[in-house]
Amino acid sequence: MKKALKIVVLAKQVPDTRNVGKDAMTPEGTVNRAALPAIFNPEDLNALEMALALKDETEGSTVHILTMGPPRAADIIRDAMFRGVDGGYLLTDRKFAGADTLATSYALSCALRKIRPDVIVAGRQAIDGDTAQVGPQVAEKLGWPQVTYAEELLEIKADSLVVKRRLEHGTEIVECPLPLVMTVNGSAPECRPQNAKRVMKYKFAQTKSEIAAAPDCMASAMASAKAYLQIVELAAADVDPDETQLGLVGSPTKVKKIENVVFQAKESKRLTAADADIESLMVELIASHTLG
């Protein structure tokens with residue numbers, strides 16, 4: 001019999017790497033997130049869809065988002081609520097600033113011990129780092145089994161999940177016991193769109209900081225009055241961490257230098273469809289051992 005599951009999706013609000021300017025990095029070598037447009041990390045949306053699909057197949061299950069970031073990261077929690085999740089947790093504190101993957105996974109694992117989910121789902125990697133380390137590191141810190149490169153949820157059993165993984169040279173089907181951590185590829189199904197009824201229901205969802213910043217506005221008044229509109233906000237003290245493992249202090253990764261690389265074409269040739277031009281190109285490619 002399929003049991004109800006408490007599912008948590010690890011998601012990240014990331015800088016839009018299509019719009020990186022000269023102010024993208026701080027002097028310390030960390031991303032200047034305040035200077036960049038922010039979006040929902042693409043593969044985390046694939047993870048969200050897999051979590052929602054798991055919820056759809058198990059009566060009574062819930063899905064919540066957990067994200068670590070500045071206060072504006074609450075935007076992706078609201079986005080997820082519009083798509084079908086039941087609520088969210090925002091892990092935010094100045095003590096988390098400048099965290100690399102090791103410090104990030106430590107902070108998330110501390111929060112997850114408080115939340116106590118059955119299944120953790122995350123995107124394979126974030127576009128602002130491309131390390132694919134946070135999900136596996138969280139699993140290691142919790143002591144949970146993990147399935148990486150997940151592409152499709154094939155079967156839900158009483159105490160395990162059967163998952164198809166997308167690997168470099170093919171696919172693999174694995175069965176993993178619960179509780180587990182699963183990281184999801186961009187080749188997995190795209191996330192469902194925002195639902196109009198859910199947008200109307202949850203558009204005033206707020207964190208306690210947002211409520212405190214504008215206590216007299218309508219959104220704050222509604223969020224204060226209705227529990228389902230309250231996004232849980234967690235500071236460092238709320239998750240009982242070893243503070244020497246947080247933020248820049250707890251991050252062994254140090255960025256020493258940042259360079260902007262601009263690709264420029266040094267040489268170019270224009271060729272027509274004439275036989276002579278094509279023959280000349282073939283001779284040149286054979287002579288340079290590009291062909292043959």
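Which residue takes a positive phi just after H8? The residue is His-289, and its phi is about 65°. This is a predicted model, in which local features need pLDDT of at least 70, side-chain atom pairs count only at pLDDT 80 or more, and totals for chains, interfaces and linings use all residues. Residues are numbered from 1 along each chain as its sequence is written, and side-chain values use heavy atoms, with hydrogens and water left out.

Start with helix H8 itself. Helices (H or I, at least four residues) and strands (E, at least two) are DSSP runs, numbered from the N terminus. H8 covers residues 275–287, 13 residues in total. From first C-alpha to last, H8 reaches 18 Å. That is close to the expected 18 Å at 1.5 Å a residue. The expected span is 1.5 Å times one less than the number of residues.

Now turn to a pair of strands. S8 (residues 160–167) and S9 (residues 170–177) run antiparallel, joined by eight bridges. Strands pair if DSSP finds at least two bridges between them. One such link ties Val-162 to its bridge partner Glu-175 in S9. A hairpin of two residues leads from S8 to S9.

Next comes the loop between S9 and strand S10 (180–184), where Pro-179 lies. Leu-178 and Pro-179 are joined by a cis peptide bond, with omega about -5°. Most residues other than glycine have a negative phi, and most peptide bonds are trans.

Ala-132 has a phi near 55° and is not glycine. Its loop runs between strand S6 (119–123) and helix H4 (134–142). Asp-240, also not a glycine, has a positive phi of about 55°. Asp-240 sits in the loop between strand S12 (230–234) and H8.

How accessible are these two? Buried means under 20% relative accessible area, exposed over 50%, and partly exposed in between (1.4 Å probe, protein chains only). Ala-132 is partly exposed because its relative accessible area is 24%. Asp-240 reaches 52%, so it counts as exposed.

Finish in strand S10, at Val-184. Val-184 has 0% relative accessibility, so it counts as buried. Val-184 and Asp-44 are 140 residues apart in sequence, yet 7.7 Å apart in space, C-alpha to C-alpha. Contact means heavy atoms within 4.5 Å. Leaving aside neighbours within four places in sequence, Val-184 has contacts that include Glu-43, Met-50, Val-121 and Ala-150.
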